[in-house]
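Please keep the sequence and the structure open side by side as you read.

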Amino acid sequence: MALPLLADIEQAQPSSAVAQQKLGELYTICSRHSDAARCFAKALELAPNDAACQFNVATSLIADGKINDAQNALDRLIAHHPQDYIAYYTRAGLKRQTSASNHIDELLALLARGIRDPNGEMYICYALAKEFEDLGEYNRSFQYLKQGADNRRRRLAYRVED
């Protein structure tokens with residue numbers, strides 16, 4: 001029932017990046033990933049510098065199983081928006097990293113420069129944990145997993161006692 005309405009809205013709002021983004025989100029909820037990808041791509045065409053559009057294109061490619069295309073999309077997003085730390089974390093999880101192909105130096109350099117956004121630091125630590133795990137460097141992986149988790153825990157207001 002909703003799909004015909006989404007198609008009608010899509011045709012009625014072809015020049016609105018915001019509408020195309022929302023339609024992509026709704027198609028995703030309906031598990032219509034190729035429809036979502038089409039809307040996200042249209043939104044990106046209309047708003048090429050919008051980080052959310054770039055990220056949504058990448059996630060729709062992931063949902064469609066186009067991992068290499070998704071990695072390329074995330075690489076472009078990171079190049080244009082280096083503070084989009086979720087993009088680094090998402091990219092780390094796309095595939096198994098190897099000693100010949102990983103992002104560890106880039107991620108370590110980000111941490112060394114300092115990240116003001118506490119969530120950003122957490123995502124970079126989790127990305128490092130994943131990539132070190134892939135390389136079999138379990139002690140270093142755990143070090144960054146713990147650093148990310150400690151960072152997150154410091155900002156939680158949740159108390160088991162309550």
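The largest nonpolar core has 30 residues, and those that touch the most other members are Leu74, Tyr88, Leu107, Leu110, Ile124, Leu128 and Tyr144. A nonpolar core here is a set of buried Ala, Val, Leu, Ile, Met, Phe, Trp, Tyr and Cys residues joined through side-chain atoms within 4.5 Å. Buried stands for under 20% relative accessible area, exposed for over 50%, and partly exposed for what lies in between, with a 1.4 Å probe and protein chains only. At least two residues of this core come from each of α2 (17–29), α3 (33–46), α4 (51–63), α5 (67–80), α6 (85–92), α7 (104–113) and α8 (118–134). The biggest giver is α8, with 6 residues. Helices (H or I, at least four residues) and strands (E, at least two) are DSSP runs, numbered from the N terminus.

Before going further, a word on the ground rules: this is a predicted model, in which local features need pLDDT of at least 70 and side-chain atom pairs count only at pLDDT 80 or more, while totals for chains, interfaces and linings use all residues. Residues are numbered from 1 along each chain as its sequence is written, and side-chain values use heavy atoms, with hydrogens and water left out.

Now pick out Ile124. Which residues is Ile124 in contact with, leaving aside its neighbours within four places in sequence? They are Tyr85, Tyr88, Leu107, Leu110, Leu111 and Ile115, where contact means heavy atoms within 4.5 Å.

Next, find Asp84 in the loop between α5 and α6. Asp84 is buried yet without a salt bridge, and the nearest side chain of opposite charge, that of Arg91, is 11 Å away. A salt bridge would need a side-chain nitrogen of Lys or Arg within 4 Å of a carboxyl oxygen of Asp or Glu. For charge, Lys and Arg count as positive and Asp and Glu as negative, whereas His and the chain ends are not counted. Not counting residues up to four places away in sequence, Asp84 touches Ala51 and Leu77.

Let's turn to the aromatic rings. The whole structure holds 4 aromatic pairs. Rings of Phe, Tyr and Trp (its six-membered ring) pair if their centres lie within 6.5 Å; planes under 30 degrees apart count as stacked, over 60 as edge-to-face and the rest as tilted. One of these pairs joins Tyr89 and Tyr123, tilted, at 5.6 Å centre to centre and with 45 degrees between the planes. Tyr89 sits in helix α6 and Tyr123 in helix α8, 34 residues apart, and the pair thus links distant parts of the chain. Tyr89 has a relative accessible area of 37%, so it is partly exposed. Tyr89 also pairs with Tyr126: the centres are 6.3 Å apart and the planes at 55 degrees, so this pair is tilted. Tyr126 lies in helix α8, 37 residues from Tyr89. Tyr126 is buried because its relative accessible area is 18%. Tyr89, Tyr123 and Tyr126 form one aromatic cluster.

Finally, look at the cysteines. A search of the whole structure finds 0 disulfides, a disulfide being a pair of cysteine sulfur atoms within 2.5 Å. Cys30 is in none, and the nearest cysteine sulfur, that of Cys39, is 11 Å away. Cys30 is partly exposed, at a relative accessible area of 34%, whereas Cys39 is buried, at 0%.
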